[in-house]
Amino acid sequence: MPQVISANRLIDGLLVFLDRAGSWVEPFQSAAVYDDKGELELALAKAQQDVGANKVVDVAAFEVKSKSGILSAVTMRDIIRTRGPSVRPDHGKQAQFS
């Protein structure tokens with residue numbers, strides 16, 4: 001199943017995603033999607049270098065699906081992480097999904 005790489009940016013703690021250029025971006029829809037295990041492993045190794053450089057922490061890959069070109073996380077944990085806190089759905093990133 002396709003996967004995306006996420007981490008938390010150290011400067012502000014925000015959830016960020018690795019894009020195809022190897023940069024950390026905030027929009028989930030800008031994340032690079034990895035279908036190939038070897039390519040995913042190379043990207044994870046690059047992401048770990050950014051951990052060592054104190055740019056991000058908690059690097060993780062998670063499964064995604066795409067419908068009509070729109071990415072969504074598969075597991076509830078990652079759905080919540082990509083949308084933001086679930087206590088007030090009218091605030092934060094999750095407000096765009098209301």
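**Exercise 1. Find the strand that holds Asn8 in this predicted model, then decide whether Asn8 is buried or exposed.**

*Solution.* 
Step 1: Asn8 is found in strand S1, which covers residues 3-9.
Step 2: Take the relative accessibility of Asn8, 18%. The cut-off for buried is under 20%, so Asn8 counts as buried.
Step 3: Now look at what surrounds this residue. Leaving aside neighbours within four places in sequence, Asn8 is in contact with Gly13, Leu14, Leu15, Val16, Lys55, Val56, Val57, Asp58 and Arg81.
Step 4: Pick out Gly13 from that list. The side chain of Asn8 reaches the backbone oxygen of Gly13 at 3.0 Å.

**Exercise 2. Work out which elements give two or more residues to the largest nonpolar core.**

*Solution.* 
Step 1: List the members. The core has 12 residues: Ile5, Ala7, Val16, Leu18, Trp24, Ala32, Tyr34, Leu40, Ala43, Ala47, Val56 and Val59.
Step 2: Strand S1 (3-9), strand S2 (15-18), helix H1 (37-52) and strand S4 (56-67) each give two or more residues. The largest share, three residues, comes from H1.
Step 3: Zoom in on one member. Not counting residues up to four places away in sequence, Ile5 touches several residues, including Val16, Leu18, Trp24, Tyr34, Leu40, Ala43, Ala47 and Val59.
Step 4: Look beyond this core. Apart from it lies another core of 10 residues, with Val4, Phe17, Phe62 and Val64 among them.

**Exercise 3. Classify the ring pair of Phe17 and Phe62, then the ring pair of Phe28 and Phe62.**

*Solution.* 
Step 1: Start with the count: there are three aromatic pairs.
Step 2: Phe17 is in strand S2 and Phe62 in strand S4, 45 residues apart.
Step 3: For Phe28 and Phe62, the centres are 6.1 Å apart and the planes are at 20°, so the pair is stacked. Phe28 is in the loop between strand S3 (24-25) and H1, 34 residues from Phe62.
Step 4: Check burial. Phe28 has 10% relative accessibility, so it counts as buried; at 5%, Phe62 counts as buried. Phe17 is buried too.

**Exercise 4. Find the ring that the charged end of Arg20 sits over.**

*Solution.* The ring belongs to Tyr34, and the charged end of Arg20 is 4.7 Å from its centre. Tyr34 is also a member of the largest nonpolar core.

Methods:
Residues numbered from 1 in each chain as written. Predicted model: local features only at pLDDT ≥ 70, side-chain atom pairs only at ≥ 80, totals over all residues. Heavy atoms only, no water. Core = buried A, V, L, I, M, F, W, Y, C linked by side-chain atoms within 4.5 Å. Buried < 20%, exposed > 50% of the residue type's maximum accessible area, 1.4 Å probe, protein only. Helix = DSSP H or I, 4+ residues; strand = E, 2+ residues; numbered from the N terminus. Contact = heavy atoms within 4.5 Å. Polar contact = N/O pair within 3.5 Å; in protein donor to acceptor, adjacent residues only side chain to side chain. Phe/Tyr/Trp six-rings, centres within 6.5 Å; stacked < 30°, edge-to-face > 60°. Lys NZ or Arg CZ within 6 Å of the ring centre and 35° of its normal.
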